[in-house]
Structure formats: structure tokens, C-alpha cells
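Subject: Structure handover

Hi,

Here is the structure I promised you. Please open it first, then read my notes below.

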Amino acid sequence: MSGTRTETSPDGRFEVEYWLSEGLHSQWRETPRVRDLAARRTVFELQDESFDASVEWHEEPGRFTLFVRRWPDGAYGLAVHVDVDAGTVRLGEEEEAQPLAKAERLVVRHFDERRRPARPISIRRGPEPKAPIMERVLDWVSYAFVALIVIGGFALWMGWLPDPAPRP
């Protein structure tokens with residue numbers, strides 16, 4: 001089942017239409033599209049249904065914050081600060097504002113970079129621990145016994161040793 005849900009800003013200027021989609025384990029995602037009703041245009045939209053967001057309206061006109069998460073790792077959230085009148089967006093605690101037109105690409109790239117490990121993971125191991133002395137001695141005795149059996153069998157086969165049971 002899927003559908004939509006809408007939310008309007010307190011001043012009536014913006015409308016957020018959430019596309020509802022069900023994820024794993026019956027968790028619902030609300031993928032947003034924010035429209036400026038006065039200008040009749042979409043100012044922000046996430047098209048990938050793996051995104052989930054909620055909006056917080058500001059008292060300053062033309063400003064709001066979207067709290068965005070991406071599934072399946074929905075534990076991490078990103079605050080996307082939008083200023084429609086200035087035409088800018090800031091991700092998280094960044095000081096530098098970016099053009100609002102790049103907002104979707106910036107958010108997607110931010111989450112994609114979080115998924116990739118920054119560098120290959122290498123596991124450093126110390127030297128292998130040595131087995132106890134008795135275990136090592138028993139290993140060498142076992143190897144020597146097997147070697148004697150193989151050499152004795154080969155010597156019998158070649159006729160180098162007398163037959164242990166003479167035939168009548």
C-alpha cells in the first residue's frame with residue numbers, strides 16, 4: 001500500500017507532499033516534495049523512495065528545516081536547512097550555503113558517501129601464538145611414525161627387506 005500525505009506551513013506559503021511507501025518490517029517512509037504555493041513551483045524534492053523526512057517550520061519567512069534519513073540505515077539523520085527566499089541550502093552544521101537547485105544531488109551524495117568506507121580496512125595481526133610444547137612433540141612423533149610406515153611399505157614392495165611371514 002502506498003499513498004500521499006500533505007502538510008502545510010503555518011503561514012500557508014509552503015506545502016509538503018509526502019509520498020508514503022512501506023519499507024522492511026512494516027516501516028513507513030515519507031519521501032518529501034516541498035512546493036511554494038505562492039510561486040507555484042517545487043522548491044525541494046527527493047525522488048528516491050529510500051529517503052524519509054519530516055519538516056520543521058521556522059518563524060523567518062521562507063525558511064524551514066527537513067530532517068532526512070535514508071533506509072535501510074535509518075539511524076543516521078541529516079538536517080537540511082532551506083532558505084527559499086535566498087535560494088540556498090545548508091547540510092547539517094556546514095557554514096557554507098549551496099544553491100537550492102543542487103539540494104537533491106547534495107543530499108544524495110552526502111548519504112552515498114556515508115555508505116562507502118573512506119579507505120580499505122586492514123586487519124593487522126601479531127605473530128601466531130605457538131602451540132604448547134607437548135602438542136608440538138606429539139605432532140613430530142606422529143609425522144615420524146607415518147614416515148616410517150611409508151618407508152617400510154616401500155622397502156617391502158621393492159624387496160629390500162626379508163618377507164616377515166615365509167610362505168609354505
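How many bridges join β2 to strand β3? There are 9, and the two strands run antiparallel. Two strands count as paired if DSSP finds at least two bridges between them.

Before you go on, note how the values were made. This is a predicted model, so local features need pLDDT of at least 70, side-chain atom pairs count only at pLDDT 80 or more, and totals for chains, interfaces and linings use all residues. Residues are numbered from 1 along each chain as its sequence is written, and side-chain values use heavy atoms, with hydrogens and water left out.

**Overview**

The chain has 2 helices and 9 strands. Both kinds of element are DSSP runs, numbered from the N terminus: helices are H or I with at least four residues, strands are E with at least two. Along the sequence the pattern reads β-β-β-β-β-β-β-β-β-α-α. The chain has 168 residues, and 27% of them are buried. Buried means under 20% relative accessible area, exposed means over 50%, and partly exposed is in between (1.4 Å probe, protein chains only). Take the contacts in the chain with a separation of 6 or more: 26% of them join residues 24 or more positions apart. A contact means heavy atoms within 4.5 Å.

**β2, β3 and β4**

Start with β3, which covers residues 28-36. Its Pro32 is the bridge partner of Tyr18. β3 also pairs with β4, again antiparallel, through 4 bridges. Here Arg33 stands opposite Glu45 in β4. The hairpin of β3 and β4 has 4 residues between the strands. Look at Arg40 in that loop. Its phi is positive, about 55°, although Arg40 is not a glycine. Is Arg40 buried or exposed? Arg40 is exposed, with a relative accessible area of 77%.

**The open sheet**

Next, find the five-stranded part. 5 strands form an open sheet in the order β5-β6-β7-β8-β9, with antiparallel pairing. The edge strands are β5 (51-57) and β9 (98-99), and each pairs on one side only. In general, strands of a sheet pair through backbone hydrogen bonds, either parallel or antiparallel.

β5 and β6 (residues 63-70) are joined by 7 bridges. Ser54 stands opposite Phe67 in β6. Trp57 has Phe64 as its bridge partner in β6. The hairpin of these two strands has 5 residues between them, and Gly62 takes a positive phi near 80°. β5 is mostly covered, with 5 of its 7 residues buried.

Which helix lies across this sheet? Helix α1 (residues 103-115) lies across β5, β6, β7 (77-83), β8 (88-91) and β9. It runs at about 35° to β6. For such angles, axes are lines fitted to C-alpha atoms, for helices over the stretch in contact, and angles run from 0 to 180 degrees between N-to-C directions.

**The core**

The largest nonpolar core has 26 residues. Such a core is a set of buried Ala, Val, Leu, Ile, Met, Phe, Trp, Tyr and Cys residues joined through side-chain atoms within 4.5 Å. Among those with the most contacts inside it are Phe64, Val68 and Val107. β2 (14-22), β4 (41-45), β5, β6, β7, β8 and α1 each supply at least two residues of this core. Now pick out Val68.

A search of the whole structure finds 8 aromatic pairs. Rings of Phe, Tyr and Trp (its six-membered ring) pair if their centres lie within 6.5 Å; planes under 30 degrees apart count as stacked, over 60 as edge-to-face and the rest as tilted. The rings of Phe154 and Trp157 have centres 5.9 Å apart and planes at 45°, so this pair is tilted. Phe154 and Trp157 both lie in helix α2 (residues 133-158), 3 residues apart, about one turn of the helix. Phe154 is partly exposed, at 43% relative accessibility. Trp157 is exposed, at 67%. Elsewhere, Phe14, Trp57 and Phe64 form one aromatic cluster.

α2 itself has 26 residues and reaches 38 Å from its first C-alpha to its last. That is close to the 38 Å expected at 1.5 Å a residue. The expected span is 1.5 Å times one less than the number of residues. Gly159 follows α2, with a positive phi near 85°.

Best wishes
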